[in-house]
Amino acid sequence: MNVRNCRKCGKLFNHIAGLPICPACKEALENKFQEVKKYIRENRQADIREVAEACEVEVSQIQQWIREDRLEFAEDSPVKLPCENCGEMIRSGKYCEKCKRDMANNLSHAIEKPKLVIEPPKKAQPSGNKMRFLDRDM
């Protein structure tokens, strides 16, 4: 049993996986996420600080949801984050489409495909059941 203190409220809970926060705080965080999502739908031109203030959520939490691909902003939205590889501004995730494509290509080239091994044909064994002697003492 893995007992931990909740990172948000300090209460002890049985930690299984994921963020080290208790089930009550997880539920509250999910409710905040739904609130932020609704606010963004209704206010498409709001920037990230405006959303954070209106929904009483940390800017870093909103950025985390964007990096996790849980939130995505419209094309004309002022909210964008830099790609973690090249710095291009993106609406959601960690990497821009070009960097994702490049990484996928690099991985596919890094994995060597198995080569077909052709075995040489075996020589035919002499037919018949002949007896052979190594030492002939007669």
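Helix 3 is followed by Asp-69, whose phi is positive, near 65°. Asp-69 is not a glycine. This residue sits in the loop between helix 3 and strand 3, which covers 81-82.

Some ground rules. This is a predicted model, with local features taken only at pLDDT of at least 70 and side-chain atom pairs only at pLDDT 80 or more, while totals for chains, interfaces and linings use all residues. Residues are numbered from 1 along each chain as its sequence is written, and side-chain values use heavy atoms, without hydrogens or water.

Now the layout. The chain has four helices and four strands. Helices here are DSSP runs of H or I with at least four residues, strands are runs of E with at least two, and both are numbered from the N terminus. In sequence order, the pattern reads β-β-α-α-α-β-β-α.

Next, burial. Buried means under 20% relative accessible area, exposed means over 50%, and partly exposed is in between, with a 1.4 Å probe and protein chains only. Of the 138 residues of the chain, 24% count as buried. The chain exposes about 11400 Å², and carbon and sulfur atoms supply 51% of that area. Those areas come from the Shrake-Rupley method with a 1.4 Å probe; for residues, only the protein chains shown count as cover.

On to contacts, meaning heavy atoms within 4.5 Å. Take those between residues at least 6 apart in sequence: 24% of them join residues at least 24 apart.

Helix 1 next. How does the span of helix 1 compare with 1.5 Å a residue? The 20 residues, 23-42, should span 28 Å, and the end C-alpha atoms are 29 Å apart, which agrees. The expected span is 1.5 Å times one less than the number of residues.

Which residues of helix 1 are buried? They are Cys-25, Leu-29, Phe-33, Val-36, Tyr-39 and Ile-40. They cover an arc of only 130° around the axis, which puts them on the same side of helix 1. The arc is taken over the directions from the helix axis to the C-beta atoms. An α-helix has 3.6 residues a turn, so residues three or four places apart point the same way. On the other side of helix 1, Pro-23, Glu-27, Lys-38, Arg-41 and Glu-42 are exposed. The buried residues of helix 1 pack against helix 2 (48-55) and helix 3 (59-67).

Helix 3 has its own buried set: Gln-61, Ile-62, Trp-65 and Ile-66. They cover an arc of only 145° around the axis, which puts them on the same side of helix 3. Their packing partners are helix 1, helix 2 and strand 3.

Beyond its neighbours within four places in sequence, Ile-66 contacts Ile-48, Leu-71, Phe-73, Val-79, Leu-81, Arg-91, Ser-92 and Gly-93. Phe-73 is in the loop between helix 3 and strand 3. At 3% relative accessibility, Phe-73 counts as buried.

Cys-22 is in no disulfide; the nearest cysteine sulfur, that of Cys-25, is 3.5 Å away. Cys-22 is buried, with a relative accessible area of 1%. Cys-25 is buried too, at 14% relative accessibility.

Last, two loop residues. Glu-56 lies between helix 2 and helix 3. Phi of Glu-56 is near 55°, positive in a residue other than glycine. At 66% relative accessibility, Glu-56 counts as exposed. His-15 lies in the loop between strand 2 (12-14) and helix 1. Buried or exposed, this His-15? Buried, with a relative accessible area of 9%. Not counting residues up to four places away in sequence, His-15 touches Asn-2, Arg-4 and Pro-20.

Technical notes: Disulfide = S-S within 2.5 Å.
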